[in-house]
Amino acid sequence: MLSARALFGTLNTEYLTVHKTKEDLFWDTYMAVSNDDAGFTRAEEAYKNFISDPKRLAAVRQALASLPDTHSDAGIAELRHGLQGWLALFEANIIDSDAARAAMHQLIQMESALFAKRRDLVLHHINEAGEEEEASLSGLSTNMGTNPNMAARKSSLDAMLTLEHWVLANGFLDIVKQRNAFARAQGFDNYFDFKVQKNERMSTGQLFAILDDFEARTAQANTRALNDLVHTHGADATQPWNLRFYVSGDTTRQLDPYLSFGKGLERWITSFRHLGIAYRGATLQLDLLERKGKYQNGFCHGPIPPFFDAQQRWVPGQINFTANAKPDQVGSGARAINTLFHEGGHAAHFANVTQNAPCFSQEFAPTSMAYAETQSMFCDSLLDDADWLKRYAHNAQGEPIPDALIHARIQTTQPFAAFNERGILVVPYFERALYQLTDEQLTPDGVLALARATELRILGVATGPRPLLSIPHLLNQESAAAYHGYLLANMAVYQTRAYFERTYGYLTDNPAIGPALAEHYWARGNGISHNDTLLSLTGESFSAKYLADSCNQTVGEAWAQAQAQMAAAAQRQYPPAPIANLDATIRIVHGAELIADNRTSEDAMCQQFEGWVEQHFPATVH
């Protein structure tokens with residue numbers, strides 16, 4: 001038997017190998033750089049086998065039991081801490097029975113087959129020029145939010161509904177049955193209960209006590225917004241192809257010149273520098289543009305989770321993140337900067353976990369999805385702040401966004417703050433009900449009817465502007481039955497924002513934020529619970545109050561808050577950025593093509609990127 005220290009070193013080394021192999025193939029297949037689906041399936045299964053191996057769990061337990069019960073030896077304390085990290089990982093992922101392991105093997109094969117078919121599916125809609133074109137999910141959503149032609153918007157919604165039927169006809173329901181079989185083989189009633197317990201360390205009942213409370217707090221604001229929309233724009237305003245447009249279309253179009261796609265990279269880097277957010281020597285690879293066959297949802301994965309090795313040498317992270325921007329589409333710049341802040345927030349989190357094993361800095365269980373999403377969603381929440389917009393949203397002539405446009409944006413979006421959060425809330429209500437169906441009830445018609453009924457109950461409309469079965473998270477076992485994490489995270493985001501506002505008075509370009517997040521939220525990784533991170537920074541346990549209060553603000557209250565932000569910012573003397581660069585090696589790619597990198601400097605990389613965009617999408621230059 002290996003000694004405790006030798007076992008710890010072996011786990012660190014072997015995990016890095018199996019994790020990086022899986023993540024490299026994940027990137028290549030999901031980015032449509034490679035079609036080695038079989039290789040990715042093998043690598044995925046090897047990774048799953050590693051993290052769910054009962055023998056490794058037993059060895060870790062035995063190693064922990066063999067350590068002397070002393071608190072004075074720092075080396076023993078560090079070793080115990082690292083082994084406890086591995087214990088948490090194996091206990092979160094262990095598959096205790098042969099039946100469950102067989103079910104997982106079959107599930108991986110089924111999901112891989114569905115992904116390969118989905119990658120080849122081409123959706124079409126009518127674009128702003130009135131032409132039929134291929135479209136990603138991101139493109140469909142943006143078209144529904146910005147295209148002034150109702151028939152064109154409806155073509156995007158029709159494409160999403162087509163995807164729903166395709167999903168139901170191409171194996172998703174069999175996957176749901178197989179997931180339930182896998183969960184039952186481990187003693188759970190269904191897959192939803194299994195995932196909530198494993199990911200968030202709470203029961204489904206505990207989760208829905210929180211979700212039901214939020215639903216009740218925001219129901220009145222949601223109903224009021226829909227009624228007002230109908231009163232203003234007529235009964236068709238709440239049709240799914242019109243909702244996004246009436247909620248954001250006009251202001252999104254007006255905002256477009258102030259948030260150009262080509263400037264997005266520079267604004268992200270500059271803003272993060274001023275916040276003091278750095279990446280501890282990590283290598284970042286960003287693939288930001290839409291491409292045929294590319295996975296149609298942004299994500300951040302880290303092939304190399306960072307840690308201090310046995311010799312106390314820092315092993316920096318290797319992190320990939322992606323978006324699906326279409327630079328010649330109205331609204332693409334806003335979506336791009338949102339992705340850079342969101343996925344860049346994830347990357348900052350995982351790059352700054354400073355523990356002694358890679359198991360503490362990875363995005364899967366025992367890392368809570370809500371905890372992970374808090375980091376990214378806090379960063380992208382800054383983009384809605386009036387003082388951030390004033391400081392960064394400039395047009396090609398260098399003119400800042402007008403106050404009137406910020407006011408118009410608030411008038412358009414604030415009434416629908418509750419609706420937008422309930423757009424997240426609807427997913428766990430649907431998925432819980434979906435996994436509670438018997439195999440006999442899992443029919444295409446029955447599941448579609450369940451989706452529409454859930455949308456009506458939670459959103460208040462007959463069909464949601466993002467039909468439930470078109471959401472890609474439902475198809476992948478890592479993200480399935482976990483979408484509630486986004487809402488739990490946003491609750492934590494607004495709690496965090498309230499702390500910084502109380503403490504410093506402002507958020508935009510506040511140099512105290514990056515170090516505070518690194519210390520309280522990032523450094524310990526999944527070695528600390530989500531609630532304990534909040535206690536560490538804010539002094540308060542998890543609370544849904546701050547998000548619900550924000551959703552329930554009137555337009556007048558939100559505008560008064562924005563005016564106060566801008567007035568204070570105009571008087572504030574901002575210090576220079578506390579860091580000269582992001583402390584990262586950055587590569588901007590488009591599939592296999594290198595667009596730009598920071599070998600010379602981050603500023604030079606931004607110029608390279610902007611030049612590439614201007615060359616390939618000249619019509620986007622304002």
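Reader: In which loop does Arg 280 lie?

Author: In this predicted model, Arg 280 has a phi near 50 degrees, a positive value in a residue other than glycine. The residue is partly exposed, with a relative accessible area of 30%. Its place in the chain is the loop between α12 and β3.

Reader: Is Asp 509 buried or exposed?

Author: Asp 509 is found in the loop between α19 (484–504) and α20 (513–522). Its phi is positive, at about 55 degrees, although the residue is not a glycine. Buried means under 20% relative accessible area. With a relative accessible area of 2%, Asp 509 is therefore buried.

Reader: Which residue with a positive phi follows α1?

Author: The 27 residues of α1 should span 39 Å at 1.5 Å a residue, and the end C-alpha atoms are 38 Å apart, which agrees. After this helix comes a residue with a phi near 60 degrees, namely Ala 32.

Reader: Why is the pair of Tyr 15 and Trp 86 classed as it is, and what is its geometry called?

Author: The structure holds 39 aromatic pairs. In the pair of Tyr 15 and Trp 86, the ring centres are 5.2 Å apart and the planes stand at 70 degrees. Planes over 60 degrees apart count as edge-to-face. The pair of Tyr 15 and Trp 86 is therefore edge-to-face.

Reader: How many residues apart are Tyr 15 and Trp 86?

Author: Tyr 15 is buried, with a relative accessible area of 0%, and Trp 86 also counts as buried at 0%. Tyr 15 belongs to helix α1 (residues 4–30) and Trp 86 to helix α4 (residues 74–93). The pair thus links distant parts of the chain, 71 residues apart.

Reader: Which helix holds Phe 50, whose ring pairs with that of Trp 86?

Author: The rings of Phe 50 and Trp 86 have centres 6.4 Å apart and planes at 65 degrees, so this pair is edge-to-face. Phe 50 is buried, with a relative accessible area of 4%. The pair ties together parts that are 36 residues apart in sequence, because Trp 86 lies in helix α4 and Phe 50 in helix α2 (residues 37–51).

Reader: At what distance from the ring centre does Arg 432 lie over the face of Phe 208?

Author: The model contains charged groups placed over rings, including the charged end of Arg 153, which sits 4.2 Å from the centre of the ring of Phe 245. Arg 432 lies over the face of Phe 208, and its distance from the ring centre is 3.7 Å.

Reader: Which backbone oxygen does the side chain of Thr 412 reach?

Author: Thr 412 is placed in helix α16 (residues 403–413). Leaving aside neighbours within four places in sequence, Thr 412 is in contact with Tyr 246, Val 247, Ser 248 and Thr 251. At 2.9 Å, its side chain reaches the backbone oxygen of Ala 408.

Reader: Is the peptide bond from Ala 365 to Pro 366 cis or trans?

Author: Pro 366 lies in the loop between α13 (332–351) and α14 (369–381). For the peptide bond from Ala 365 to Pro 366, omega is near 15 degrees, and the bond is cis.

Methods. Residues are numbered from 1 along each chain as its sequence is written. This is a predicted model: local features need pLDDT of at least 70, side-chain atom pairs count only at pLDDT 80 or more; totals for chains, interfaces and linings use all residues. Side-chain values use heavy atoms; hydrogens and water are left out. Rings of Phe, Tyr and Trp (its six-membered ring) pair if their centres lie within 6.5 Å; planes under 30 degrees apart count as stacked, over 60 as edge-to-face and the rest as tilted. Helices (H or I, at least four residues) and strands (E, at least two) are DSSP runs, numbered from the N terminus. Buried means under 20% relative accessible area, exposed over 50%, partly exposed in between (1.4 Å probe, protein chains only). A charge sits over a ring if NZ of Lys or CZ of Arg is within 6 Å of the ring centre and within 35 degrees of the ring normal. A polar contact is a pair of N or O atoms within 3.5 Å; within protein, one must be able to donate a hydrogen and the other to accept it, and residues adjacent in sequence count only if both atoms are side-chain atoms. Contact means heavy atoms within 4.5 Å. The expected span of a helix is 1.5 Å times one less than its number of residues.
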